[in-house]
Amino acid sequence: MMAVDDDEEAGFYRRSLPSPPAIDFTSPESKKLFIEAIQSGTMEGFYRLISYFQTQSEPAYCGLASLSMALNALAIDPGRKWKGPWRWFDESMLDCCEPLEKVKATGISFGKLVCLAHCAGAKVEAFRANQSTIDEFRKYVMKCSISDDCHVISSYDRSALQQTGTGHFSPIGGYHAGRDMALILDVARFKYPPHWVPLTLLWEAMGYVDETTGQQRGFMLISRPHREPGLLYTLSCKNESWVGIAKYLMHDVSLLLKSVDATDIQKVLSVIFTSLPSNFGEFIKWVAEVRRREDGDQSLSPEEKARVAVKEEVLKQVQETGLFKHVAAFLSSTNSCCRNLLPLSHQDDFPDIAARVCCLGAEILAGRSGSSDKYCCQETCIKCLKANGDKPVTVVSGTVVNGKREHGVDVLVPSSRTKLGCCCSASSNYSGIHPASNDVLTALLLALPPETWSGIKNEKLLQEISILVLTENLPTLLQEEVLHLRRQLYLLKRCQENKVDVDLGAPLS
């Protein structure tokens, strides 16, 4: 974890930058380094980063500030509004892997920050110091210094640079090849200005162990993805139960299938679903797009419509798979024991989902996710928005109350239904207008490792299931979605086996 950057009881006005080893960015020596680096072409990444340079808003928000700088510099669209009509990354929006109140109190670990970058839609390559070399680190710093399409965030211990404090995150703004020095754009600008440090010393500082996690620090490359990952589904590690659920999916399922003599697919599904952990519904989520409801403006931007359209296409592709038909038949069967124990089943009551999502959306938009303040949904209204002959988009509008304040929230929902009327509060039939148990469980089964099914003893059944779950048979969008989930499962398995902090964005090796 990150420690709070400075003493909180006593007041300070800045700190004197220890020099050497650092060189203050405003010094004559730094100006010479800066000009030489520009002439050498190793300051290309600096211009975008400096355009979005920000000061961390809390003493322990260095990781969040560094990440929001990089995301904004890469022009990654957060997909939801920050304030007014503007979509923009702010520290208060980076809470999908750790509650903000916890980050504010104790900081964030290297692995959780990588998870945040991944959740925010970035492509992430992350390396702890013991997983890399100084030559590789130098290569990546150079790569992101001669272009503006990637940025390096360093996680290091300040004490190695003779600075006060311990763990810290900051982006690297440039590189001087002749002197082998990196420019640190320190997000704790109330404390230290930007400064140059020897790259060898920064590497040493990244090798310090974070006492909270027992892991070395490191660095990560943040860049734009080829497409937004996790368009429809994502795995959540907020609930500590993820360890047991990941073990069940990646280890126990294959053992269960070996222990029974299944002769048909319904028996296989029964074996898997009847043993699902009771809190499974907290593990896999469908991705909803949340926005503030603007007074008198119910229009959708072209970007919003495009994103929902892609989500709907993924949902449609899930429901067109052969496996989906088997899952739907099993869950709807009169003797399905999963009716009582599948955590997702009761959540298929869409008015309940709408109320919960609107409350959560209000918390996120207010920057209070994970806090003790509670939001209560007074009313929800499900309706269609249609413009210029486009296919209608399903929107859940909610009025959310927090104390004496009311908040208007819209949730854009991927829909597999073509006709939908407006219906507020309770309604009886919303079947098919959102990713439900059938869809979620189908996607998760498709994402299980291929070797999961190898224990099935009946050769004909094994062949049938192997064809149903074969990734190569899936349409492109769904194939990418499934591989994204599978990648997360592998990473969770690795974390569970090694008892390290969750790092959903790290590269698989």
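Figure 1. All ten of the ten residues of strand S6 (residues 167–176) are buried, so the strand is largely enclosed by the rest of the structure. Here buried means under 20% relative accessible area, exposed means over 50%, and partly exposed lies in between (1.4 Å probe, protein chains only). Helices (H or I, at least four residues) and strands (E, at least two) are DSSP runs, numbered from the N terminus. The model is predicted: local features need pLDDT of at least 70, side-chain atom pairs count only at pLDDT 80 or more, and totals for chains, interfaces and linings use all residues. Residues are numbered from 1 along each chain as its sequence is written, and side-chain values use heavy atoms, with hydrogens and water left out. Strand S5 (residues 150–157) runs antiparallel to S6 and is joined to it by six bridges; two strands pair if DSSP finds at least two bridges between them. Within this pairing, Val 152 stands opposite Ile 172 of S6. Strand S7 (residues 181–184) is also antiparallel to S6, through four bridges, and Leu 183 in S7 is the bridge partner of Gly 174.

**Figure 2. The turn between S6 and S7.** A hairpin is formed by S6 and S7, with four residues between them. Asp 180 is found in this loop and has a positive phi of about 55 degrees although it is not a glycine. With a relative accessibility of 17%, Asp 180 counts as buried. A second residue with this feature is Ala 75, not a glycine either, whose phi is near 55 degrees. Ala 75 lies in the loop between helix H3 (62–73) and strand S2 (81–83), and its relative accessibility of 53% makes it exposed.

Figure 3. A disulfide is a covalent bond between the sulfur atoms of two cysteines. In this model the term is applied to a pair of cysteine sulfur atoms within 2.5 Å. A search of the whole structure finds one disulfide. The sulfur atoms of Cys 144 and Cys 150 are 2.2 Å apart, and the link is left-handed, with -120 degrees about the S-S bond. Both Cys 144 and Cys 150 are buried. Another cysteine, Cys 62, counts as buried at 1% relative accessibility.

Figure 4. A pair of aromatic rings is described by the distance of the centres and the angle of the planes. Rings of Phe, Tyr and Trp (its six-membered ring) pair if their centres lie within 6.5 Å; planes under 30 degrees apart count as stacked, over 60 as edge-to-face and the rest as tilted. By this rule there are eleven aromatic pairs. In one of them, the rings of Phe 25 and Phe 34 have centres 5.5 Å apart and planes at 85 degrees, so the pair is edge-to-face. Phe 25 is partly exposed, at 22% relative accessible area, whereas Phe 34 is buried, at 18%. The rings of Tyr 140 and Phe 219 form a tilted pair, with centres 6.1 Å apart and planes at 45 degrees. This pair links distant parts of the chain, since Tyr 140 belongs to helix H6 (residues 134–145) and Phe 219 to strand S11 (residues 218–223), 79 residues apart. Both Tyr 140 and Phe 219 are buried. Together with Phe 127, Phe 137 and Trp 203, they form one aromatic cluster.

**Figure 5. Helix H10.** The 18 residues of helix H10 (residues 302–319) should span 26 Å at 1.5 Å a residue, and the end C-alpha atoms are 26 Å apart, which agrees. The expected span is 1.5 Å times one less than the number of residues. Buried residues of H10 include Glu 304, Lys 305, Arg 307, Val 308 and Leu 315.

Figure 6. Val 260 lies in the loop between helix H8 (242–259) and helix H9 (265–273) and counts as partly exposed at 21% relative accessibility. Not counting residues up to four places away in sequence, Val 260 touches Val 271 and Lys 457, where contact means heavy atoms within 4.5 Å. Ile 456 is 196 residues from Val 260 in sequence, yet their C-alpha atoms are 8.1 Å apart in space. Elsewhere, a cis peptide bond joins Ser 19 and Pro 20, with omega about -5 degrees. Another cis peptide bond joins Pro 20 and Pro 21, with omega about 10 degrees. Pro 20 lies in the segment before strand S1 (23–24).
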